[in-house]
Amino acid sequence: MRIRVSAAVIVRDGRVLLCHRAGGLCGWEFPGGKLEPGENDKAALYREIREELCLDVEIGAFCAESMVQKGAQQICLRAYYCRIRGGSLSLRAHDACCWVAPEALRSFDLLEADIAIAEQVIRQQQCGMKKEGR
């Protein structure tokens with residue numbers, strides 16, 4: 001069974017937002033969530049960020065894709081650069097968050113699917129690309 005998930009690489013002042021999810025899947029991640037029937041990546045991502053973080057984001061360029069096998073489930077995580085347009089950050093599905101310099105992403109205990117996304121963010125930052133979610 002394939003599960004499609006969208007994630008936000010939210011960039012502000014050269015740092016990216018990481019959120020810590022407690023409970024079943026415990027670890028640091030780029031915020032986002034599963035697509036519902038009829039949704040595309042961007043619609044699901046916009047909805048999830050509003051629901052989980054109370055933020056209005058502008059979804060920009062595609063960042064990276066990661067595929068992870070968990071038993072009978074294959075998780076396909078697609079990440080997009082985002083910029084905050086409004087709202088006030090409020091954690092609804094996470095127990096912590098922090099703004100991280102891209103080069104520091106490797107020091108976090110990231111969920112498995114988020115590791116490849118982090119590596120792409122680091123590579124693009126080193127090349128001077130994808131500033132401020134655009």
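Arg 47 is placed in helix 1. Helices (H or I, at least four residues) and strands (E, at least two) are DSSP runs, numbered from the N terminus. The model is predicted: local features need pLDDT of at least 70, side-chain atom pairs count only at pLDDT 80 or more, and totals for chains, interfaces and linings use all residues. Residues are numbered from 1 along each chain as its sequence is written, and side-chain values use heavy atoms, with hydrogens and water left out.

Arg 47 is buried, with a relative accessible area of 16%. Here, buried means under 20% relative accessible area, exposed means over 50%, and partly exposed lies in between (1.4 Å probe, protein chains only). Leaving out residues up to four places away in sequence, Arg 47 touches Lys 34, Glu 36 and Glu 39. Contact means heavy atoms within 4.5 Å. Arg 47 also belongs to a network of salt bridges with Glu 36, Glu 39, Glu 48 and Glu 51. A salt bridge is a side-chain nitrogen of Lys or Arg within 4 Å of a carboxyl oxygen of Asp or Glu.

The whole structure holds 13 salt bridges. One of them joins the side chains of Asp 41 and Arg 78, at 2.6 Å from N to O. Asp 41 lies in helix 1 (residues 41-53) and Arg 78 in strand 6, so this pair ties together parts that are 37 residues apart in sequence. Asp 41 counts as buried, at 7% relative accessibility. Arg 78 is partly exposed, with a relative accessible area of 23%.

Glu 65 is in strand 5 and Arg 78 in strand 6, so the pair ties together parts 13 residues apart in sequence. Glu 65 counts as partly exposed, at 39% relative accessibility.

Another salt bridge pairs Arg 106 with Glu 119, their closest N and O atoms being 2.8 Å apart. This pair links distant parts of the chain, 13 residues apart: Arg 106 is in the loop between strand 7 (96-100) and helix 2, and Glu 119 is in helix 2. Arg 106 counts as exposed, at 52% relative accessibility. Glu 119 is partly exposed, at 23%.

The nonpolar interior was examined next. A nonpolar core is a set of buried Ala, Val, Leu, Ile, Met, Phe, Trp, Tyr and Cys residues joined through side-chain atoms within 4.5 Å. The largest such core has 24 residues. Those with the most contacts inside it are Val 9, Phe 30, Cys 63, Leu 105, Ile 117 and Val 121. At least two core residues come from each of strand 1 (2-12), strand 2 (15-21), strand 5 (55-70), strand 6 and helix 2 (112-126). Apart from this core lies another, of 12 residues, among them Ile 49, Leu 53, Leu 55 and Tyr 80. Leu 105, from the largest core, is in contact with Val 16, Leu 18, Phe 30, Val 100, Leu 110, Ala 118, Val 121 and Ile 122, its neighbours within four places in sequence being left aside.

Gly 87 is found in strand 6 (residues 73-87). Gly 87 counts as exposed, at 63% relative accessibility. Beyond residues up to four places away in sequence, Gly 87 touches Cys 54 and Leu 55. The C-alpha atoms of Gly 87 and Asp 56 are separated by 5.7 Å, although the two residues are 31 residues apart along the chain.
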